[in-house]
Amino acid sequence: MTSQDRKQSQRDAYRAADPADGPLTTDQGVAVGHTDDSLTAGERGPTLLEDFHFREKITRFDHERIPERVVHARGAGAYGFFEPYASCAEFTRAAFLQDPSVRTPVFVRFSTVQGPRGSADTVRDVRGFATKFYTAEGNYDLVGNNFPVFFIQDGIKFPDFVHALKPEPHNEIPTGASAHDTLWDFVSLQPETLHAIMWLMSDRAIPRSYRMMQGFGVHTFRFVDATGRGTFVKFHWKPKLGAHSLVWDEAQECQGRDPDFNRRDLWQAIENGEFPEWELGVQLVAEEDEFAFPYDLLDATKIIPEEQVPVRPIGRMVLDRNPDNFFAETEQVAFHTANLVPGIDFTNDPLLQARNFSYLDTQLMRLGGPNFAQIPVNQPVAPVRSNQRDGFHQHAIHTGTSYTPNSLGGGCPALAGAEQGAFTHLTERVEGAKIRRRSPGFTDHHSQAALFWHSMADWERRHIVDAFRFELGKVAARQVRRRTVAELAHVDHALAAAVAEGIGVPVPERDPAAVERKASSPALSLESLRGDGSIRTRQVAVLVGEGVDAAQLDAVRVELEEQGAVVEALAATDGKVTAADGNQYTVDRALPTVASVLYDAVLIPGGPARPAPWPDAAYLRFLRDAYRHGKPIGALGSGVGALSRLDLRGLRIASEPGRPVSDHGVVTDTSTGPDAREFTRALAGAMAAHRHWSRPPLQR
Ligand code: HDE
């Protein structure tokens with residue numbers, strides 16, 4: 001039986017009885033024949049205490065909610081597998097990283113950090129990227145984020161940081177947002193936050209999809225080989241589809257149009273058989289090179305630029321199954337940074353050390369006691385034989401002794417030897433005085449914030465400035481705005497000046513040191529993360545109406561769908577429209593139920609009838625939004641005329657049939673025949689680029 005089969009059979013063992021197999025019952029298995037009326041003394045009399053079915057039903061309902069996670073409350077999860085490309089024995093003895101033919105089952109939970117369980121998905125926030133590997137040697141959890149750096153260096157600051165980030169204490173506003181006084185007050189006083197803040201103000205904080213974002217282990221960990229030799233390691237997840245983001249205006253509108261935008265996207269892709277995939281890569285640093293960097297490897301506010309230490313691909317992860325029950329699996333999954341397997345170990349990163357305390361502690365509270373590892377989603381596939389006993393929600397029926405050493409139980413369970421894969425901690429020499437003080441290597445808070453800034457493309461910088469202006473523009477305390485801008489001047493003066501101008505505070509003095517900070521790391525830009533260039537799973541809206549040229553549209557549609565895009569026909573109302581050839585064309589969705597922000601591209605098909613069959617306002621708004629958000633727009637035949645309603649001055653538009661023109665992601669072709677291959681190729685190319693940022697602005 002493979003590990004994957006074992007994980008499946010564990011879940012099967014806990015699967016609730018098939019509701020089709022018999023009647024409704026109580027929790028005690030007693031058949032229930034009536035669940036609509038409570039037991040009363042007479043038709044109009046009082047309810048009776050002895051109605052055990054009523055009381056059980058209400059009691060269970062009263063207790064349905066458990067405390068949500070204090071951070072990362074809103075999430076979405078999926079199952080899948082990990083497989084290494086080759087043996088990593090050279091660096092680690094971890095069993096799941098040895099044999100390319102062995103697939104290790106995984107459960108991954110993506111999350112936002114600030115908002116509660118019911119908050120919207122597309123808020124500006126860090127995304128959690130937590131992976132549980134059910135390895136043959138026990139569970140290994142890689143509890144990471146979609147940024148490679150964190151806001152603080154020492155875990156003792158975490159409650160301060162989270163209190164500042166969470167909604168303000170008096171009115172619990174804002175939900176799911178960082179644009180408020182307390183966060184920026186903290187940031188302006190705690191410059192170690194700056195590097196992660198740069199990431200938070202970038203488009204990385206509004207991913208288009210969980211399937212299209214990177215993941216990072218953040219801390220420096222250790223690999224340990226069979227001889228006990230350690231190697232520093234940083235973990236990177238790279239999405240096969242590339243890393244892509246939304247724009248802020250779009251992200252905000254999504255919060256109303258579809259608060260479940262990212263959650264739905266993950267779910268739907270997996271349901272459609274479009275299994276998201278990431279490559280796991282590692283940056284490796286020999287123990288003897290620990291001090292070869294101008295910053296401390298134990299400082300989680302720093303990256304090792306990929307240009308200095310390349311990321312080495314070691315395996316791939318595919319998510320191919322949605323959970324059956326959100327609560328049982330996605331809500332109850334319990335991650336813990338200290339869930340390690342032999343071959344992987346900690347470093348003394350003070351943030352990581354704090355997490356090693358926090359995650360177990362929080363599960364005790366959230367999952368109501370110490371037996372949460374028995375919940376199916378948390379159960380290892382490796383057999384568990386421990387002397388831990390009793391406690392709330394104990395499911396195992398233990399027999400025999402529960403102490404070591406024992407003779408009455410035959411000395412069982414016996415201690416594992418090295419040959420049985422016993423976990424041994426890396427032997428590391430530690431000495432020093434007992435102090436509360438950061439290492440001097442932790443003091444430079446500006447160089448890498450500047451590195452990030454100087455690595456961005458122009459459009460990424462524009463978005464960062466806009467984000468700072470938005471966030472700080474929401475801060476009421478002027479001194480907090482001023483202090484933050486003064487901090488930004490240590491990163492880059494042009495950045496600080498652009499933000500200051502936008503929020504009405506004086507432009508700060510130049511910092512001569514910032515002028516020197518010009519290094520860049522191209523790998524940090526989204527430009528370098530375009531993925532495999534495919535258009536798989538991109539959502540295309542086709543604005544159909546009466547008289548649509550169905551033959552031409554279908555030719556484009558089939559081609560796009562063959563390349564993996566998801567095409568939906570939208571019309572003013574649901575149902576059908578009559579196509580130019582007199583046949584009925586099926587509408588997938590009515591326009592009022594959707595919006596441009598829910599799609600990646602728009603297509604205006606042609607037709608001999610009126611080119612713009614929509615009620616004007618809705619039609620134009622759809623196109624305008626798509627244009628403003630940089631999305632590819634295709635127009636065919638008479639649809640090209642419809643586009644002119646946007647007043648696209650400064651763009652080249654096709655005028656000769658059969659000669660499509662693609663300019664800044666606007667693809668036009670005035671052809672009317674069903675052969676639209678050239679057009680489709682150009683549109684797919686524009687879609688593969690995801691967004692087109694340097695478009696001339698709309699004239700009206
Ligand atoms: Fe967490 N974090 N964290 N964190 N974290 C939690 O654990 C904590 C940190 C991360 O989908 C909590 O089970 C402390 C860094 C993710 O279930 C809690 C510190 C990184 C998730 C906790 C950190 C993370 C959590 C809340 C500073 C990126 C969601 C509920 C020392 C590398 C996992 C829970 C999931 C969740 C504590 C810092 C990522 C309270 C004390 C750095 C992805 O234990």
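## Terms and model

In the classes used here, Ala, Val, Leu, Ile, Met, Phe, Trp, Tyr, Cys and Pro count as nonpolar, Asp, Glu, Lys and Arg as charged, and the others, Gly among them, as polar. Welcome to a predicted model, in which local features need pLDDT of at least 70, side-chain atom pairs count only at pLDDT 80 or more, and totals for chains, interfaces and linings use all residues. Residues are numbered from 1 along each chain as its sequence is written, and side-chain values use heavy atoms, with hydrogens and water left out.

## Around the ligand

Of the 24 residues around the ligand, Arg69, Arg109, Arg355, Tyr359 and Gln363 come nearest. By class, this shell has 11 nonpolar, 10 polar and 3 charged residues.

Next come the polar contacts (pairs of N or O atoms within 3.5 Å; within protein, one must be able to donate a hydrogen and the other to accept it, and residues adjacent in sequence count only if both atoms are side-chain atoms). Ligand oxygen atoms are 2.7 Å from an N or O atom in the side chain of Arg69 and 2.8 Å from one in the side chain of Gln363.

## The second largest cavity

A cavity is a set of points, on a 1 Å grid over the protein atoms alone, where a 1.4 Å probe fits but cannot get out; lining residues have an atom within 4 Å of a point. The lining of the second largest cavity includes Asp203, Trp459, Arg530 and Trp693. By class, this lining has 5 nonpolar, 3 polar and 4 charged residues.

Definitions and conventions: A residue is near a molecule or strand if one of its heavy atoms lies within 4 Å of it. On a 1 Å grid over the protein atoms alone, a cavity is a set of points where a 1.4 Å probe fits but cannot get out, and a pocket is an open set with protein on both sides within 12 Å along at least five of seven lines; lining residues have an atom within 4 Å of a point.
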